[in-house]
Amino acid sequence: MPILAIIGAVIAIGGSYSAMGREAGERVYHAGVRNAAYQQVKWKVRAAAVAACGAVGGAIFMTSFENQFYSMS
């Protein structure tokens, strides 16, 4: 039974990183940042996300962020 709880917690945490990334991507787009401007700071944003969320969490966050941001561009 504890294994199921751990798996559920991992899925919930991953989902929260994904939701945060989607929301951040939408907010950045609505704040007026466009693709050309984002390309100039892309690696700084990625490094900040990895520093804040860790290697796995940062990757999930940035994948959702960029998918949302690029889909709106």
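Residues are numbered from 1 along each chain as its sequence is written, and side-chain values use heavy atoms, with hydrogens and water left out. Because the model is predicted, local features need pLDDT of at least 70 and side-chain atom pairs count only at pLDDT 80 or more, while totals for chains, interfaces and linings use all residues.

The protein chain holds 2 helices and 0 strands, where helices (H or I, at least four residues) and strands (E, at least two) are DSSP runs numbered from the N terminus. Its C-alpha trace spans about 50 × 20 × 15 Å along the principal axes. Of contacts between residues at least 6 apart in sequence, 83% join residues at least 24 apart; a contact here means heavy atoms within 4.5 Å.

Buried residues (under 20% relative accessible area, with exposed over 50% and partly exposed in between; 1.4 Å probe, protein chains only) make up 22% of the 73 residues. In H2 they include Tyr38, Ala49, Gly57, Phe61, Phe65 and Phe69, and the buried residues of this helix pack against H1. Leaving aside neighbours within four places in sequence, Ser64 is in contact with Ser18, Gly21 and Arg22.

Helix H1 (residues 2-30) contains Leu4, which is exposed, with a relative accessible area of 59%. Together, Ile3, Leu4, Ile7 and Ile11 make a nonpolar surface patch of about 440 Å². Such patches are made of residues with over 30% relative accessible area and no salt bridge, like charges being joined within 9 Å and nonpolar side chains (Val, Leu, Ile, Met, Phe, Trp, Tyr) within 5 Å; a salt bridge is a side-chain nitrogen of Lys or Arg within 4 Å of a carboxyl oxygen of Asp or Glu. Ile13, also placed in H1, is partly exposed at 46%.

Conventions. Areas by Shrake-Rupley, 256 points an atom, 1.4 Å probe, with all protein chains shown as cover.
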